Amino acid sequence: MSVVYKPTQSTPKLMQTLLIIFITITALAVVIQTTILAMLYVQSKKAAARLEAMTGEIHKRAIPVLDAAGAILTDSREKLHTITENLAATSSSLRSQVERMDHTISDVIDRTRLQVIRADDMISRAMDRVEETTELVQHSVISPVRQIAGIVSGLTVGLQAFFKRGHKQEGMPQDEELFI
């Protein structure tokens with residue numbers, strides 16, 4: 001079975017009504033879009049005007065500042081160049097002075113070390129001579145003095161013994177008894 005569409009009399013009127021409704025809706029949508037676009041255009045014009053006013057204000061204020069900064073940089077260029085040259089010269093001079101001081105201190109340290117070595121040698125030699133002198137005095141003077149003192153002591157004891165034999169006292173023990 002095939003279905004075939006058979007138009008009726010009311011169909012063209014309905015179609016016309018629907019067509020009018022759709023055209024009206026479309027026209028209304030176009031009017032709304034046009035209104036929105038017109039409002040966007042007005043707003044963008046206002047924003048552009050404000051942006052241009054701000055740009056002009058910024059430009060008006062920035063130009064003197066930029067000119068002043070340029071003038072300061074121009075004036076400072078010579079001063080900065082002079083300061084840089086002075087710093088370089090001072091650094092070079094300071095480096096030279098430090099090197100000279102390092103050489104001087106090294107020389108002083110070396111000389112001091114040599115003097116300490118010389119003083120140590122002198123003190124060592126003096127101590128050796130004092131020891132030699134002490135030994136010499138010991139052998140030359142003290143040894144003969146001891147020998148003479150021993151001889152004198154022996155003679156004294158011998159003479160005492162000789163003279164005591166002749167005068168024996170009775171309550172006195174003899175030297176032999178005292179000798180152990």
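Visitor: What do the side chains of K60 and E57 do where they meet?

Guide: In this predicted model, the side chains of K60 and E57 meet in a salt bridge, at 3.8 Å from N to O. A salt bridge here is a side-chain nitrogen of Lys or Arg within 4 Å of a carboxyl oxygen of Asp or Glu.

Visitor: And where do K60 and E57 lie?

Guide: Both K60 and E57 lie in helix 1, three residues apart, which is about one turn of the helix. Helices are DSSP runs (H or I, at least four residues), strands are DSSP runs of E with at least two residues, and both are numbered from the N terminus.

Visitor: Is K60 buried or exposed? And what about E57?

Guide: K60 is exposed, with a relative accessible area of 58%, while E57 counts as partly exposed at 31%. Buried means under 20% relative accessible area, exposed means over 50%, and partly exposed lies in between, using a 1.4 Å probe and protein chains only.

Visitor: Which residues are linked with E57 in a network?

Guide: E57, K60 and R61 are linked in a network of salt bridges. The side chains of R61 and E57 meet at 2.9 Å, N to O, and these two residues lie four apart in helix 1, about one turn of the helix. R61 is exposed, at a relative accessible area of 59%.

Visitor: How many salt bridges does the count come to?

Guide: The count comes to four salt bridges. One of them joins the side chains of R111 and D107, at 3.3 Å from N to O. R111 and D107 are four residues apart in helix 1, and therefore separated by about one helical turn. R111 counts as exposed at 55% relative accessibility, whereas D107 counts as partly exposed at 35%.

Visitor: Can we step back: what does the secondary structure of the chain come to?

Guide: The protein chain has two helices and zero strands. Helix 1 covers residues 10-166, with residues numbered from 1 along each chain as its sequence is written.

Visitor: How much of the chain counts as buried?

Guide: Of the 180 residues of the protein chain, 1% count as buried. The chain exposes about 17200 Å², and carbon and sulfur atoms supply 67% of that area. Accessible areas come from the Shrake-Rupley method with a 1.4 Å probe, and for residues only the protein chains shown count as cover.

Visitor: Which residues form the nonpolar patch on the surface?

Guide: That patch is formed by L14, L18, I21, F22 and I25, which together have about 490 Å² of accessible area. Patches are made of residues with over 30% relative accessible area and no salt bridge, where nonpolar side chains (Val, Leu, Ile, Met, Phe, Trp, Tyr) are joined within 5 Å and like charges within 9 Å. L14 is found in helix 1 and is exposed, with a relative accessible area of 52%.

Visitor: Which residues gather in a patch of negative charge?

Guide: D128, E131, E132 and E135 gather in such a patch on the surface. Asp and Glu count as negative and Lys and Arg as positive, while His and the chain ends are not counted. The place of a charge is taken as NZ of Lys, CZ of Arg, CG of Asp or CD of Glu. E132 has its place in helix 1 and is exposed, at 54% relative accessible area.

Visitor: Last topic, aromatics: how many aromatic pairs does the structure hold?

Guide: The structure holds one aromatic pair. F162 and F163 form this pair, which is edge-to-face, at 5.5 Å centre to centre and 65 degrees between the planes. Rings of Phe, Tyr and Trp (its six-membered ring) pair if their centres lie within 6.5 Å; planes under 30 degrees apart count as stacked, over 60 as edge-to-face and the rest as tilted. F162 is exposed at 57% relative accessible area, and F163 also counts as exposed, at 54%.

Technical notes. This is a predicted model: local features need pLDDT of at least 70, side-chain atom pairs count only at pLDDT 80 or more; totals for chains, interfaces and linings use all residues. Side-chain values use heavy atoms; hydrogens and water are left out.
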